[in-house]
Amino acid sequence: MYDEIFAKEDPTKNNPRFWDELFLMKVNLEYLEGKLESLDGDEVMKIKDNINSLFHHCVQALGEEHQIKVVNALQTLCALFRGVHQKNKSATGFDIINMLMGFDKAELRMKELMESLDSLLCGDGSESLKSLCLKLLLCLVTVTDNISQNTILEYVMINSIFEAILQILSDVSSRAQHGYDAVVLLALLVNYRKYESVNPYIVKLSIVDDEPTLDGMGMVIHHALTEYNRQYKDKEEENQGGFFSTLTSMVGSMFIADADEKLSVQTNEAILLALYEAVHLNRNFITVLAQSHPEIDMATTPATPVPDQYADAFLHDDNMNFRVNLHRMVRVSQTAWPHDTANPLRPLVCAVLDLMVEFIITHMMKEFPMDLYVRCIQIIHKLICYQKKCRVRMHYTWRELWSGMIFTVFFNFFKLFFLSFFVVVVVSFSPWHLAIINHFNPKIESYAAVNHISQLSEDQVTEYIHIRCTVLTDFNGFLQRTLTFSLIVRSISLNVRKNVSLSTMSQDVLLKEFSSIS
């Protein structure tokens, strides 16, 4: 029947019940995707009408009462999205839309698809079907490495499933089974063209104030990160399995770079991104996240959360104390910190500073992660500025912080000294210096002419250059942040795509579940 679809003739010409019969039969994902990839561009365009018809009937089948038809339609759509994108990696999004749905029908088809998925996710139907719907959405979002180049997502922005995702997170049963996929899906959708246009998922996430929903999101993130920490701890204990293991590690470390990963536990980037976006976009989330877990032992909790609460005030609040367990790298001749053994209840700012100190001390590598150190120092600087401004006096072991920062200065002193010397000597006598002069001279002259100044003073020139450089620095910082998030989202997209394709998309379990339904 697949071969009939890939023929030029209409498959219903000889069999009017072709589409009804197709969705009663087990989907062969590998054959369908492979068939799409094997065709060249001209061959695909010749059967475009049949592919458009297949897509249309898949969407129609999602409304069927026969559950096996729904299962097969969902999996067929996964194969179509993956197969067409694999075939047309170099093609524009519009070509793919035309190939799958046709330009004239695309808006209608995607509206029908998103409405059907929303109904399945929010309904009282099978949890297996809900799981498959989320897998399809993750497949749709991640078919391109760069999700912002996935033009089909424009229809996902127009026909929002945001409320369906929130419903999954707010319900205890659904959250336990589908919470992880829902949070990852939301994090990816939030990052679709986030710097280029108005993203409705960003807008909606920023105004969520429903505590059960935010609590559910916090629970999913908490559970995922706890599981990651457990895996890391287990891996670390394996690597510390006695004298021979220690000796092997010592010898091995002589032949690898300091920056190489010692413990191969893959970072859960998707959940970390979801945590960042929730805290960054929604001011209610930080309070709910800190207060929502019964296993966190708190000394006191205010009866009602303070509305519009600032992060610094929350972190420093003496009435909101938490016990935070942080992993610390074992160091030679390490002196235990006073709070290491007791791990008392303290304001969250103490845990933030502990984390910064731990990073500073344990990342003195040959390939120095300067950008991360800069962010680390910025966090410490902002916290100390707040404490000075608001006259907050903390009970904190400052000695470790100052020692770590002084050690960082000594570690980089000679590197910075020789680099500075090299720059001064080389640049002063190179075309670079002339290029800078040639760049600023006409701009300074133009500035003087516009402001009717015959000759700029030294201070005016300095101020003008400072303003220009500040603007350039701010723009450069924006570009760096954009690039960083783009790379993170790309990495997440690749991992999600791999996991979706390798997940149990085989229909044995699903068909067994629905085989009794006629």
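**Rings, loops and a pocket**

Biologist: Is tyrosine 201 buried or exposed, and what is its relative accessible area?

Modeller: Buried means under 20% relative accessible area, exposed means over 50%, and partly exposed is in between, using a 1.4 Å probe and protein chains only. Tyrosine 201 counts as buried because its relative accessible area is 0%.

Biologist: What kind of model is this, and what is left out of the side-chain values?

Modeller: This is a predicted model, in which local features need pLDDT of at least 70 and side-chain atom pairs count only at pLDDT 80 or more, while totals for chains, interfaces and linings use all residues. Numbering runs from 1 along each chain as its sequence is written, and side-chain values use heavy atoms, leaving out hydrogens and water.

Biologist: How many helices and strands are there in the protein?

Modeller: Both are DSSP runs numbered from the N terminus: helices are H or I with at least four residues, strands are E with at least two. Of the protein's 518 residues, 41% count as buried. The protein has 25 helices and two strands.

Biologist: How many aromatic pairs are there, and is the pair of phenylalanine 162 and tyrosine 201 stacked or edge-to-face?

Modeller: Rings of Phe, Tyr and Trp (its six-membered ring) pair if their centres lie within 6.5 Å; planes under 30 degrees apart count as stacked, over 60 as edge-to-face and the rest as tilted. That rule gives nine aromatic pairs. For phenylalanine 162 and tyrosine 201, the ring centres are 6.3 Å apart and the planes lie at 65°, so this pair is edge-to-face.

Biologist: Is the pair of tryptophan 398 and tryptophan 402 stacked or edge-to-face?

Modeller: The centres of these two rings are 5.8 Å apart and their planes are at 15°, so the pair is stacked.  Both residues lie in helix H22 (residues 398-428), four residues apart, about one turn of the helix. Tryptophan 398 is partly exposed at 22% relative accessibility, as is tryptophan 402 at 41%. With plane angles deciding the class, the pair of tryptophan 398 and tryptophan 402 is stacked.

Biologist: Which residues does glutamine 387 contact?

Modeller: Glutamine 387 belongs to helix H21 (residues 370-390) and is buried, at 8% relative accessible area. Contact means heavy atoms within 4.5 Å. Setting aside neighbours within four places in sequence, the contacts of glutamine 387 are His316, Val349, Val392, Met394 and Trp398.

Biologist: What is the phi of arginine 391, and what is that of histidine 452?

Modeller: Most residues other than glycine have a negative phi. Arginine 391, in the loop between H21 and H22, is exposed at 78% relative accessibility. Histidine 452, in the loop between helix H23 (431-450) and H24, is exposed at 75%. Phi is positive for arginine 391, near 55°, and for histidine 452 it is also near 55°.

Biologist: What is the volume of the second largest pocket?

Modeller: On a 1 Å grid over the protein atoms alone, a pocket is an open set of points where a 1.4 Å probe fits, with protein on both sides within 12 Å along at least five of seven lines; lining residues have an atom within 4 Å of a point. Points are joined across faces, edges and corners, and a volume is the space filled by probe spheres set on the points. For the second largest pocket, the volume is about 470 Å³.

Biologist: Which helix gives the most to the lining of the second largest pocket?

Modeller: The lining has 22 residues, with Tyr180, Asn268, Ala270, Asn495 and Asn499 nearest the pocket's centre. Elements giving two or more residues are helix H9 (127-141), helix H12 (172-190), helix H14 (211-238), helix H16 (269-281) and helix H24 (458-502). The most, six residues, comes from H24.
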